[in-house]
Amino acid sequence: MLIRSSTANPILPSEITSEALFQSRRDWLKTAMAVGGVAALPALSACSVEAQGVKLAGVKANPLYLVNDEKLNKADEFKNYCNFYEFGTDKSDPPVMAKSLKTRPWTIAVEGEVLKPQVFDIDALYKLAPLEERVYRFRCVEAWSMVVPWVGFSLAELIKKVEPKGNAKFVEFVTLADKSQMPGLRSSVLDWPYVEGLRMDEAMNPLTLLTVGAFGEMLAPQNGAPVRLVVPWKYGFKSGKSIVKIRFVEKEPKTAWVKSGPEEYGFYSNVNPMVDHPRWSQASERRIGEFSKRKTLMFNGYADQVASMYAGMDLKKFF
Ligand code: MTE
């Protein structure tokens with residue numbers, strides 16, 4: 001991203017703030033219990049709550065989405081190495097700074113060029129479609145990657161409910177920007193709120209996951225609780241965290257990273273080993289937890305499912 005460095009260094013054991021993480025889980029649990037969120041969620045059962053996090057019960061693994069020959073990352077790697085600039089620009093900031101993020105009450109307004117605009121309460125959102133676990137590769141633009149078992153359902157399930165009109169060509173995702181909770185908003189590193197966008201066909205692609213959990217638990221605040229996007233064939237910054245609004249629009253949305261550096265971050269941002277970032281190569285990546293680099297795969301390994309959406313497009317121009 002804008003911040004230089006970090007691509008060369010894999011996570012070190014010394015960077016893992018296990019005590020802080022433990023405390024953050026305790027605080028989060030206390031919050032969840034206090035507002036009754038745990039009891040209110042149909043997929044959760046109070047007795048499944050453990051000190052490690054709030055477990056999501058009744059989630060079935062979807063065998064269509066597996067990464068067979070690659071090892072899962074560890075939950076601690078995922079939770080301790082984060083980009084969430086609203087809580088600071090260092091990878092170790094969000095696990096500490098986001099622990100007080102209030103995720104109940106929480107609503108997502110779905111609006112714009114749709115026949116049935118709706119405001120979903122987060123607990124109602126859990127009931128919209130069966131939650132499933134999907135193992136996806138996740139590739140950050142900074143040339144590191146992880147393999148994560150996410151929990152959620154295809155965004156298409158939500159889109160169908162609001163019935164987009166014919167002129168809805170793009171979908172814009174607006175994430176929380178609350179100065180009282182997010183110290184990073186004092187910095188002008190991005191034009192807040194963090195906004196991301198997809199073309200309508202990308203948003204409808206079954207791979208695009210509206211995500212509420214990972215590693216069998218509700219998302220930790222630093223990973224985008226209570227709801228985020230995961231778009232596994234695109235660089236990680238397309239996966240907006242802590243979403244509050246989904247808007248259907250006619251024109252390509254002005255996204256936070258494109259606004260901040262249009263020559264470095266394109267609207268499409270499909271993982272493409274043949275198109276380098278102006279400041280570094282995208283041909284390879286470091287899997288967090290591994291020492292040597294591995295080759296980056298076209299569309300992050302999801303070409304069979306997504307390449308046809310870009311047939312005839314010059315992917316160097318539309319990077
Ligand atoms: N969403 C918001 N709201 N703010 C952010 O700073 N960072 C993005 C993305 N979503 C970001 C965000 C980037 S750069 C990455 S790589 C991923 O979140 C990181 O997600 P992870 O911490 O779950 O790996």
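This is a predicted model: local features need pLDDT of at least 70, side-chain atom pairs count only at pLDDT 80 or more; totals for chains, interfaces and linings use all residues.

Residues are numbered from 1 along each chain as its sequence is written, and side-chain values use heavy atoms, with hydrogens and water left out.

Asp-121 belongs to strand 5, residues 118-121 (strands are DSSP runs of E, at least two residues, numbered from the N terminus). Asp-121 is partly exposed, at a relative accessible area of 31%; this class lies between buried, under 20%, and exposed, over 50%, with a 1.4 Å probe and protein chains only. Leaving aside residues up to four places away in sequence, Asp-121 touches Trp-106 and Thr-107, where contact means heavy atoms within 4.5 Å. Trp-106 stands 15 residues from Asp-121 in sequence, yet their C-alpha atoms are 6.1 Å apart. A polar atom of the Asp-121 side chain also lies 3.0 Å from the backbone nitrogen of Asp-123.

A cavity is a set of points on a 1 Å grid over the protein atoms alone where a 1.4 Å probe fits but cannot get out, and lining residues have an atom within 4 Å of a point. The largest cavity has a volume of about 310 Å³, the volume being the space filled by probe spheres set on the points. Its lining comprises 23 residues, with Asn-83, Phe-84, Arg-228, Gly-236 and Lys-241 nearest the centre. Strand 7 (residues 144-154) contributes the most to this lining, with three residues.

How values were computed:
Helices (H or I, at least four residues) and strands (E, at least two) are DSSP runs, numbered from the N terminus. A polar contact is a pair of N or O atoms within 3.5 Å; within protein, one must be able to donate a hydrogen and the other to accept it, and residues adjacent in sequence count only if both atoms are side-chain atoms. On a 1 Å grid over the protein atoms alone, a cavity is a set of points where a 1.4 Å probe fits but cannot get out, and a pocket is an open set with protein on both sides within 12 Å along at least five of seven lines; lining residues have an atom within 4 Å of a point.
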